[in-house]
Amino acid sequence: PLMSFRAHKRWIGGIKFLKGESQDKCPNLLTSADDGGVNLWDVSKQARSRKLGLQPLLVTSNYDLHDGGIYSIDTIGRLIATGSKDSSVSWAEICEDSIRQSLKLEYHSSVVKTVQIRDIHTVASAGNDKDIAIWDVRSAKEPSICIEDCFPYPINSIKWHPYDENICIAAALHPELHLYDIRHTKSPLHTYIGHTQNKGRTMYEPVFLKSGIKTSKEKEETGCVPILTGGAGMSNLSLYCPHTGSVISRGETDYDYSALSTYDGRNGKCTVLIAAAQKKVVHLFSPVSAARST
């Protein structure tokens with residue numbers, strides 16, 4: 001690895017790179033953990049610790065956002081949302097020399113396992129109580145939208161559609177994925193099955209894939225932003241269409257891919273970082289359209 005260091009005293013629940021002011025500047029690293037802390041690191045600089053040796057420079061930290069361990073974290077700009085074992089969501093801001101909490105959002109009755117920021121005013125949260133709460137932080141005494149009993153098992157992942165602010169995908173310890181339109185919450189817009197045999201055991205995270213992949217039913221000028229997911233017990237990767245609810249493709253692999261993450265390349269397309277936790281490997285993939293590859 002380029003760098004390896006101990007960032008927290010307990011297991012790490014979330015890691016986020018914060019984009020620098022310019023492409024040439026190395027981004028800072030934000031970490032959160034079960035010790036209840038959020039740490040901001042400057043990985044371009046080093047500091048020496050008596051116990052741990054050389055480490056990245058710790059810019060600032062906050063261990064007072066929650067009364068329990070932090071399970072999830074998301075960022076937009078210098079804003080931070082965290083979900084905790086204390087059943088709350090914290091909304092905070094990275095300032096020049098501190099991480100300052102603006103709000104503590106309380107609705108859930110159990111562990112908050114996932115938070116996802118849509119924009120500077122909106123964040124979604126979910127967890128062991130099986131509800132999805134969508135908050136407008138400008139009037140955050142209670143969620144602006146609640147989707148109750150989404151799954152029979154705890155929810156571990158929510159992702160917003162990158163272009164449609166009303167669409168999100170949710171995953172749980174369950175063999176189904178649910179796509180929601182938050183304007184119509186009585187039932188999922190689409191339900192996807194076949195990608196996993198998981199039921200009450202292994203967490204997995206789907207992602208929206210900004211790859212330019214097109215299907216015959218999609219408009220040429222917009223294309224499809226498919227949902228990519230792995231899952232336990234199937235050793236495959238599945239692509240689903242969020243518009244039609246259909247399967248775009250499903251391919252066999254040698255791994256059960258459980259954790260997926262994406263970032264945008266310089267060409268505007270998407271590269272996928274896939275971690276297979278069961279065999280402790282990380283694979284990098286670059287998606288191509290069906291016209292170029294099958």
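This is a predicted model: local features need pLDDT of at least 70, side-chain atom pairs count only at pLDDT 80 or more; totals for chains, interfaces and linings use all residues.
Local features are taken at pLDDT of at least 70 and side-chain atom pairs only at pLDDT 80 or more, whereas totals for chains, interfaces and linings use all residues. Residues are numbered from 1 along each chain as its sequence is written, and side-chain values use heavy atoms, with hydrogens and water left out.

The chain contains zero helices and 23 strands. Both kinds of element are DSSP runs numbered from the N terminus (helices H or I, at least four residues; strands E, at least two). The chain has 294 residues, and 47% of them count as buried. Buried means under 20% relative accessible area, exposed means over 50%, and partly exposed lies in between (1.4 Å probe, protein chains only). Contacts, meaning heavy atoms within 4.5 Å, also describe the chain: of those between residues at least 6 apart in sequence, 43% join residues at least 24 apart. The accessible surface of the chain is about 15,600 Å², with carbon and sulfur atoms supplying 47% of it. Accessible areas come from the Shrake-Rupley method with a 1.4 Å probe, and for residues only the protein chains shown count as cover.

Two strands pair if DSSP finds at least two bridges between them. In general, strands of a sheet pair through backbone hydrogen bonds, either parallel or antiparallel.

E9 and strand E10 (residues 122-127) run antiparallel and are joined by six bridges. Val 112 has Gly 127 of E10 as its bridge partner, and Asp 119 is partnered by Thr 122. The hairpin from E9 to E10 passes through two residues.

A salt bridge is a side-chain nitrogen of Lys or Arg within 4 Å of a carboxyl oxygen of Asp or Glu, and the structure holds ten of them. Side chains of opposite charge can pair when their charged atoms come close. Asp 119 meets Arg 118 at 3.0 Å, N to O. Asp 119 counts as partly exposed because its relative accessibility is 22%, and Arg 118 counts as partly exposed because its value is 24%.

Another salt bridge joins Glu 205 and Lys 159 at 3.1 Å, N to O. This pair links distant parts of the chain, 46 residues apart: Glu 205 is in the loop between strand E16 (190-192) and strand E17 (207-208), and Lys 159 is in strand E13 (residues 155-160). Glu 205 is partly exposed at 30% relative accessible area, whereas Lys 159 is buried at 17%.

In the salt bridge between Asp 181 and Arg 183, the closest N and O atoms are 2.8 Å apart. Asp 181 is buried, at 8% relative accessibility, while Arg 183 is exposed, at 53%. Elsewhere, a network of salt bridges links Arg 10, Asp 34 and Lys 85.

Two loop residues have positive phi without being glycine. For Ser 87 phi is near 75°. Ser 87 is in the loop between strand E6 (79-84) and strand E7 (88-94), and is buried at 16% relative accessible area. Asp 149 has phi of about 50° and belongs to the loop between E12 and E13. Asp 149 is exposed, with a relative accessible area of 59%.

The surface also carries a nonpolar patch of Tyr 263, Leu 273, Val 282 and Leu 284, with about 400 Å² of accessible area together. Patches are made of residues with over 30% relative accessible area and no salt bridge; like charges are joined within 9 Å and nonpolar side chains (Val, Leu, Ile, Met, Phe, Trp, Tyr) within 5 Å. Leu 273 lies in strand E22 (residues 270-276) and is partly exposed, at 35% relative accessible area.
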